[in-house]
Every structure is written in structure tokens, then in C-alpha cells.
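Welcome, and take a moment to look over the model before reading on. The paragraphs that follow walk through it step by step.

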Amino acid sequence: MADDPDKVWPTGLTLKEAEEVHSYLIDGTRVFGAIALLAHVLVAVSTPWLG
Amino acid sequence: MAILRDTALRKIQGIAPRFLPFADVASEAVPLSRLLRLSLFQVTVGMALVLLVGTLNRVMIVELSVPASLVSLMIALPLVFAPFRALIGYKSDTHKSALGWRRVPYIWKGTMLQFGGFAIMPFALLVLSGFEQAADAPAWIGQGAAALAFLLVGAGVHMVQTVGLALATDLVEVEDQPKVVGLMYVMLLLGMIGSALVFGWLLQDYSPGKLVRVVQGAAVITIALNLLALWKQEPRDRDRANRVETHPEFRDAWRLFVQGRTAVGLLIVIALGTMGFGMADVLLEPYGGQVLDLSVAATTRLTAVLAAGGLVGFAIASRVLMDGRDPLDVAWWGALMGLPAFALIIAAGPMSSGIMFVIGTGLAGLGAGLFGHGTLTATMRSAPRAQVGLALGAWGAVQATAAGIAVALGGILRDLILGLPGSGGFRPEAPYTPVFALEFALLLTAVAAIFAVRRKQARLSQTANYVSSQDRPGPNAVPSDPMPPDRRPTGGEPHDHRRLTAL
């Protein structure tokens with residue numbers, strides 16, 4: 001399976017290409033997560049909703 | 001089971017490419033509709049600029065009563081990143097990707113930065129202004145968060161615009177570049193005008209909740225429009241991905257970019273002209289109001305006159321450049337047009353002539369349009385294909401820095417003159433005339449600088465005949481003598497890496 005790095009899978013992508021597409025998704029999720037966390041902290045500073 | 005799997009695989013094969021964000025192939029001619037879609041990224045850039053410089057500037061000072069000095073500091077923060085545009089452009093030129101992409105990853109990252117900045121910005125501003133319990137929190141939380149938000153948006157805007165313009169340059173033939181430049185400028189202007197109107201209308205009766213909705217709405221629109229703009233634009237390129245390329249370091253690439261040709265001269269021209277046209281941006285309205293006694297509605301219409309002049313300028317520039325005129329000639333005419341424009345604006349004060357002022361403003365817009373279009377087109381053409389990102393990054397770095405300095409300098413000069421002892425006895429136009437006169441002088445210098453660059457070009461093109469056999473980019477430094485199209489194909493053509501690896 002991993003013997004041919006240039007094999008084009010049914011998605012039209014090679015393994016390396018698919019991994020790169022996936023990395024954009026992962027990075028995006030991380031960035032969005034961090035932003036959401038920061039936004040929540042800021043909201044909590046002005047209008048605390050816990051305690 | 002096997003049949004089922006086969007049909008499933010075939011189904012996937014049929015569907016998949018439609019849901020993947022690559023262009024299928026580098027087609028010979030990119031249709032206008034696709035370029036229009038790509039130019040949507042300029043709309044988001046315009047929206048971000050208006051939000052930062054216009055809307056939030058006002059909201060922070062008037063509604064949130066943040067000290068004006070802190071506000072101008074925050075708004076100036078994104079300028080810090082402007083010089084890095086050259087580096088971003090270089091990075092995208094030499095990006096290593098399994099997909100063979102160079103531009104999309106950077107536009108996507110820039111979009112995320114812009115989105116992130118806008119997403120936290122309203123909360124950061126509310127904390128900064130001490131909204132509700134935030135008054136008890138230490139001040140650095142609000143200041144730090146607001147600074148971070150502005151920096152994120154600024155970095156995102158620089159990234160998206162630089163790499164987006166590089167992608168647009170990649171996609172079209174040299175002859176079609178003027179059309180693309182015009183389109184990009186028009187979309188930037190439309191984005192700015194449209195979002196200014198919409199933000200003004202939405203924030204008519206301000207409330208904190210509305211601020212959150214408007215700014216975060218802008219964040220979502222940014223991501224939506226940029227995704228739409230990017231989708232299936234840059235072709236996937238397995239050859240480029242598999243090629244082992246040695247790229248020069250940034251410093252070497254920069255040296256290659258500036259050496260021997262007219263790149264530095266062009267950058268100086270851009271700085272001079274941008275400052276010359278940009279200084280008046282924030283002064284025209286108060287000048288009209290305080291010196292010529294125009295009403296608020298009339299001075300707002302003034303901005304429309306300026307923008308309309310710009311649009312006419314872009315249209316004329318696109319037209320004559322498509323006919324094969326030299327972009328530097330067009331820039332020269334633009335700078336020249338600025339001279340009578342500012343002369344009229346200066347004279348309008350003492351003669352208290354509103355008509356002269358309006359005509360001068362329109363001419364200034366027209367000149368700025370011609371100048372901006374001409375210099376950007378010249379930049380696109382001055383670089384070999386493998387250095388397009390670097391060239392456009394340098395253009396953007398100089399342009400954004402010069403524009404920022406110009407606006408700040410114009411305001412500072414006016415305030416300095418107003419603060420002079422005995423300024424109460426001055427005529428009302430006294431604080432403005434020196435600024436307009438300085439613009440006049442800057443544009444005069446720009447005209448002379450363009451003349452000098454043209455002279456140098458002419459000299460280089462004479463020697464280019466024997467240099468071109470050594471693979472020097474002689475002809476494309478002289479756009480009146482464009483490269484034969486067969487040497488500059490569209491889209492995912494191979495790098496001109498002989499030039500770069502020849503270091």
C-alpha cells in the first residue's frame with residue numbers, strides 16, 4: 001500500500017497531496033479553536049458568566 | 001461486495017474533483033468571470049481597511065471614549081507589517097508544497113489571520129473601553145487584546161493582498177495584466193465604498209451588541225468571500241511539486257530583484273507618488289468644511305468625487321495600457337495630472353471657490369488612479385515570472401508604508417501649524433496650504449523620477465540585445481517592448497529557474 005508514493009488514489013490525490021490538504025484542515029481547526037478560546041476569555045472579562 | 005466497492009470507487013472518482021479546490025488545468029485563457037471571482041479578495045481587503053481606518057476609528061473615539069492617542073496608535077499598528085510584504089511575496093514564490101501550490105496556502109493563512117483578528121476585535125475593544133466589569137480588569141488585558149486584534153487583521157490584509165495579486169498575475173498573460181490591475185483596483189474601491197455605506201448604516205444607533213454583530217459579520221464575510229475567490233483558481237502542479245528546486249535565500253533573491261534593472265527607481269517613484277496623492281486623503285474634508293464652508297453632506301460628496309475620479313483613471317489606464325502604452329507613461333501622466341489638481345485645491349481657499357475645489361479633487365482622484373494603475377502594472381511586468389510575488393510584495397510594502405506615513409504626516413503637519421503661537425490670527429487655509437504644497441512638490445519629484453527611470457530603461461534596452469543571450473530579463477524591463485507571449489505562458493508554467501539557480 002505504501003510502496004508507491006506516486007499512486008493516485010480514487011480521490012484524485014496522492015498520499016502526500018492528501019496529507020497536505022488535511023494539514024490545512026487541521027491548522028484551520030487549531031486556529032479557530034484558539035481564537036474562540038481567546039474570544040471567550042475576553043467576553044468573560046467584561047461580562048463574567050461563571051461565578 | 002467487489003461490485004459494490006467498484007461502483008463506490010467510481011462514484012468517488014466522479015464526484016471528488018468537483019469538491020477539491022484546485023483549478024483543473026492551466027487553461028490558455030482565464031475567463032473574465034473567474035477573474036471577477038478572484039478579485040473578491042480585494043473587496044475583503046477594502047472592507048478591512050474601511051473598518052479599521054474609518055468605522056472603528058470613529059466608534060472607538062466617540063462611542064467607546066477611548067483616548068484618541070491610543071486609537072491612532074492601534075490603527076497604526078498594522079503598518080508595522082507592511083515591509084514584511086516583500087518577504088511574504090518571496091515566501092510564496094518559493095513555497096514548497098506537495099500540491100505544487102504557491103499562492104493558495106498563503107491567501108488561506110492570511111484569510112485566517114484576518115478572520116481571527118475580526119473575531120476577537122469587538123470583545124477586545126469592549127474590554128479596552130472598560131465595558132461593564134472590564135473596568136475592574138487590569139488595563140493590559142484590553143490593550144494587549146486590541147493590539148493583537150489589529151495586528152492580526154493587518155498581517156492578514158498584507159498577506160492576502162500581496163499573494164492574491166501575485167496569483168492574479170500568475171493567471172493571466174502579460175497583455176491582459178492591465179485589465180487585471182484595473183479590475184483589482186476597482187474592486188478594492190467598490191469594497192471600500194460599499195462597506196463604508198453598509199457599516200455606517202448598520203451602526204447608526206450604536207450598541208455594544210451591534211458592534212459585536214457588525215465586526216464578526218465582517219469576519220464571516222471575509223472568510224466566505226476569500227474562499228469563493230480562491231476556489232479552483234490555482235492549478236495543481238505535480239511537476240512543480242516533484243521538482244527539486246534550490247531557491248536563493250531572501251537576500252540573494254532581493255539582490256537579483258534590484259540589481260541592474262529599474263526596480264529601485266520604480267519603488268522610489270511609487271513612494272513619492274503615493275505620498276504625494278495620499279497626504280490629502282484625510283484633509284480634503286476638513287479643508288472643505290473649515291475653509292470653504294461646505295456642509296457635511298457636501299464634504300461627504302467630495303469623497304465620492306475623489307473616488308469617481310479614481311474610477312475614471314483606472315478605466316482610462318486599463319484602456320490605453322491594453323493598447324500597448326508603456327505603464328510608466330501612464331503613471332507619468334497621472335503624477336502630472338496631480339500638479340494642476342493641487343494647484344487648484346490650494347487656490348480654491350483664498351478665492352473661496354467651491355467649483356475649483358471640486359474640480360481639483362476630481363483631478364487628484366483621476367491622477368491617483370492613473371498613477372496607481374501605471375505603477376502596479378509596471379511592477380507586475382518588471383519581474384520575471386518566478387519573482388512575481390517578491391516584486392508585488394515590494395510594491396505593496398512601499399505603497400502601504402508610504403500611504404500610512406503620508407496620512408499621518410498630513411495630520412501632524414496640520415496640527416503643528418495649528419499649534420503654532422499666534423495661530424489664532426492665521427487665515428483658515430493656513431494649516432492646509434503647506435500640506436497641499438508639499439504634495440505638489442512630491443508629485444513634481446515623482447514626475448522627474450519617472451523621467452529618470454525612463455531614461456535608464458532606454459539605456460538598458462540598448463544594451464539588452466547582447467545581454468539577453470546571457471538570459472538576462474532585458475526586454476521585460478521595457479514594457480513597450482513586451483516579451484513574446486510564447487516565453488510567458490499562463491498559469492502553472494515551470495519556474496524560470498535557470499535565472500534563480502544561476503546564482
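How many helices and how many strands does chain B have? Chain B has 19 helices and zero strands. Here helices (H or I, at least four residues) and strands (E, at least two) are DSSP runs, numbered from the N terminus.

A word on reading the model comes next. This is a predicted model, in which local features need pLDDT of at least 70 and side-chain atom pairs count only at pLDDT 80 or more, while totals for chains, interfaces and linings use all residues. Residues are numbered from 1 along each chain as its sequence is written, and chains are lettered from A and ligands numbered from 1 in the order in which they are written. The term pLDDT stands for the predictor's confidence in each residue, from 0 to 100. For chain B its mean is 83, and 88% of the residues reach 70 or more. Over residues 466–503 of chain B, though, the pLDDT is below 50, and this stretch has 69 contacts in the model beyond near neighbours in sequence. Two residues are in contact if their C-beta atoms, placed from the backbone, lie within 7 Å. The model as a whole scores ipTM 0.87 and pTM 0.81.

Now for the way chain B is put together. Chain B is divided into domain 1 (40–235) and domain 2 (252–420 + 427–481), with bounds that come from an automatic or database domain assignment. The C-alpha centres of domain 1 and domain 2 of chain B lie 24 Å apart. Where they touch, 30 residues from domain 1 of chain B and 30 residues from domain 2 of chain B take part in the contact. On the domain 1 side, α5 (85–93), α7 and α8 (177–202) of chain B are the elements that give two or more residues, and the largest share, nine residues, comes from α8(B). By class, that side of domain 1 of chain B has 18 nonpolar, eight polar and four charged residues. In this sorting, Ala, Val, Leu, Ile, Met, Phe, Trp, Tyr, Cys and Pro count as nonpolar, Asp, Glu, Lys and Arg as charged, and the others, Gly among them, as polar.

What about the inside? Buried residues make up 49% of the 503 residues in chain B. A residue is buried if 20 or more other C-beta atoms lie within 10 Å of its own, exposed if 12 or fewer, and partly exposed in between, with C-beta atoms placed from the backbone. A nonpolar core is a set of buried Ala, Val, Leu, Ile, Met, Phe, Trp, Tyr and Cys residues joined through C-beta atoms within 7 Å. The largest such core has 152 residues, of which Ile120(B), Ala124(B), Ala331(B) and Ile450(B) touch the most other members. Its largest share, 17 residues, comes from α6(B). Why does this core lie between domain 1 and domain 2 of chain B? Both domains give residues to this core, so it lies between them. For a local view, look at Ala331(B): leaving aside neighbours within four places in sequence, its contacts include Val269(B), Leu370(B), Phe371(B) and Ile450(B).

Chain B also meets a partner. In this meeting, 25 residues of chain B are in contact with 18 residues of chain A. On the side of chain B that touches chain A, α1 (2–15), α6 (104–128) and α7 (139–171) of chain B each supply at least two residues. Of the elements there, α6(B) gives the most, with nine residues. The residues of this side of chain B divide into 20 nonpolar, four polar and one charged.

Glu132(B), in the loop between α6 and α7 of chain B, has a positive phi of about 45° although it is not a glycine. Asp293(B) likewise has a positive phi, of about 55°, and is not a glycine; its place is in the loop between α13 and α14 of chain B. Most residues other than glycine have a negative phi. Is Asp293(B) buried or exposed? Asp293(B) counts as exposed because it has 11 C-beta neighbours inside 10 Å. Ser295(B) lies in the loop between α13 (284–290) and α14 (296–322) of chain B, and with 10 C-beta neighbours inside 10 Å it counts as exposed.
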